[in-house]
Amino acid sequence: MAENKRKRHGEESNGRPSKRLATEQLSAEVIKVSLVPDEDEWTPIVASTPGLSFPSHLPLKPYTKRRKSNTTSTGKSPVTNSEHLLHTSAHPSIDYTGQEELGGGTEGLLSHYIGVYDPRSGDLQLMRARKLVLRGNPRSSPTELEQEAKGANDRSARSALGLAFGTKKSKRGLQNLTKNAISPSKKGLPAAEGSQPTLDPVAAAVISSMAIAAPSVTSREDLQAAIDEAKPRPNPNSAAEAPMDVYPIDQLVGPGILRQLAVKDWQDAVEHKEEILTKSRFVSHRIQQIVSEGDVRRIKTLKYLLLLIEWHTMLLPGPKGQGRKIPDRAQLHNKLGKWGGELVDGVGRRFADNGDNNNGKMTLNSWHLDNLITHICALCITVDPENYLTDMYDIREDLKLDNKSVRKYFKEIGCRIVAPTDKERARWGLAKAEAASHHVAKLRLPLEFPKMQMVRQPKGRR
């Protein structure tokens, strides 16, 4: 017999490092915390620059003034009685101003502190700090200011004449124009023939500042990929070259579960031409053909699909109509005892969010319920005797879904929903009127998944 390996110092029996050593090291250190009184009005500043990137080499000049009595509660502290402002004009095109933005909400009740820690003495000093928001404003050139002033004077003169001597309709138009006026953007500098137009200095400065922060913004493609990865469905193989490789059976069922499924009873019944009765329309209409083909792996996949359908049928309505409630373990084993307790419990461990169900209080929320149904749909596409297509009518009846819901689930796994062709209607024995309630889900490459919906804001009056 092999001897047990000597455990490392500070490790538990499961091989993981113990947290006891780190706790003992921290408990040995004593940190003395003290508060520095804010007797001076010049205190440290915590500044944020939302939207734009602030150049760190620009100097900021501080200003202070008495705070208005109705802004915040007054007291003996200089921080509460005075207000600070930072300003710089060192940038060639943008003025930066930093000031407090309380907003009239709970933000005005927050206090900010900065701590200075001395590791040698173990002293931690806290001092009151001010919270400022630094924003940039484009600075216009003197020529642009003169042009704007001249244009404003001309427009104001015409508006004054129109309001004094115009008709009621023209007066109403001038009033609406003044109310909804939006200042036009500056035109760029004239560009040479065949070249791109040049931006004016102010616009160029703003765009250059935004370019620094732009790479951190999530693109629409990355956002779509994150949404697809978090969706409740089996993970498709994006590198698949054939429909059979999109959802492999080992992923949908698992090799361990396939070994536990026994199909000898089905094979013997088909060999003796006996009828096999199940609780699923989908399985009952396809079991004879699939078992006759002799593919044991496919037969086991069909039997696992029947287990998921019967397990789904056992679910009860959830609290307040949210999700589904899973019956207790004893009830599941009583109703699904022919499958064996290990297989039945394995379904709960795989598709429920909190493992085994011993107390009868476990629920299946909307995400996990959708994950179960999309796996059932993927199994239907994989196991159907047709060439990776299936009539959704039978599985819709088994799961008690409406037509809209079953179409949505098959689209989530990349299927295309079409009406049955004349050959398919003849092969399935469907009349033309009966085929109106039947739709076919086809798994074809390239896969087509539902895209992210972009919500557009309604157009309002300017």
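Which residue caps the N-terminal end of helix 16? It is aspartate 391, with a side-chain oxygen 3.2 Å from the backbone nitrogen of tyrosine 393. Please keep in mind that this is a predicted model.

Staying with helix 16, this element covers residues 392–399 and is mostly covered, with six of its eight residues buried. Those are Met392, Asp394, Ile395, Arg396, Asp398 and Leu399. After the helix comes lysine 400, which has a positive phi, near 55°.

Next, the nonpolar cores. The largest one has 64 residues, and the members that touch the most others are Trp266, Leu305, Trp311, Ile376, Ile395 and Phe410. Helix 15, residues 366–383, supplies the largest share of this core, ten residues. There is also a second, separate core of five residues, among them Phe54, Leu58, Tyr96 and Leu134.

Back to tryptophan 266 for a moment. Leaving out residues up to four places away in sequence, tryptophan 266 touches Ile276, Val283, Ile287, Val291, Ile299, Leu302, Lys303 and Leu306.

Last, the cysteines. A disulfide is a covalent bond between the sulfur atoms of two cysteines. The cut-off used here is 2.5 Å between sulfur atoms, and the count by this rule is zero. Cysteine 380 is buried, at 0% relative accessibility. Cysteine 415 is in no disulfide either, and its nearest cysteine sulfur, that of cysteine 377, is 8.0 Å away. Cysteine 415 is also buried, with a relative accessible area of 3%.

Notes
Residues are numbered from 1 along each chain as its sequence is written. This is a predicted model: local features need pLDDT of at least 70, side-chain atom pairs count only at pLDDT 80 or more; totals for chains, interfaces and linings use all residues. Side-chain values use heavy atoms; hydrogens and water are left out. A nonpolar core is a set of buried Ala, Val, Leu, Ile, Met, Phe, Trp, Tyr and Cys residues joined through side-chain atoms within 4.5 Å. Buried means under 20% relative accessible area, exposed over 50%, partly exposed in between (1.4 Å probe, protein chains only). Helices (H or I, at least four residues) and strands (E, at least two) are DSSP runs, numbered from the N terminus. Contact means heavy atoms within 4.5 Å. A polar contact is a pair of N or O atoms within 3.5 Å; within protein, one must be able to donate a hydrogen and the other to accept it, and residues adjacent in sequence count only if both atoms are side-chain atoms.
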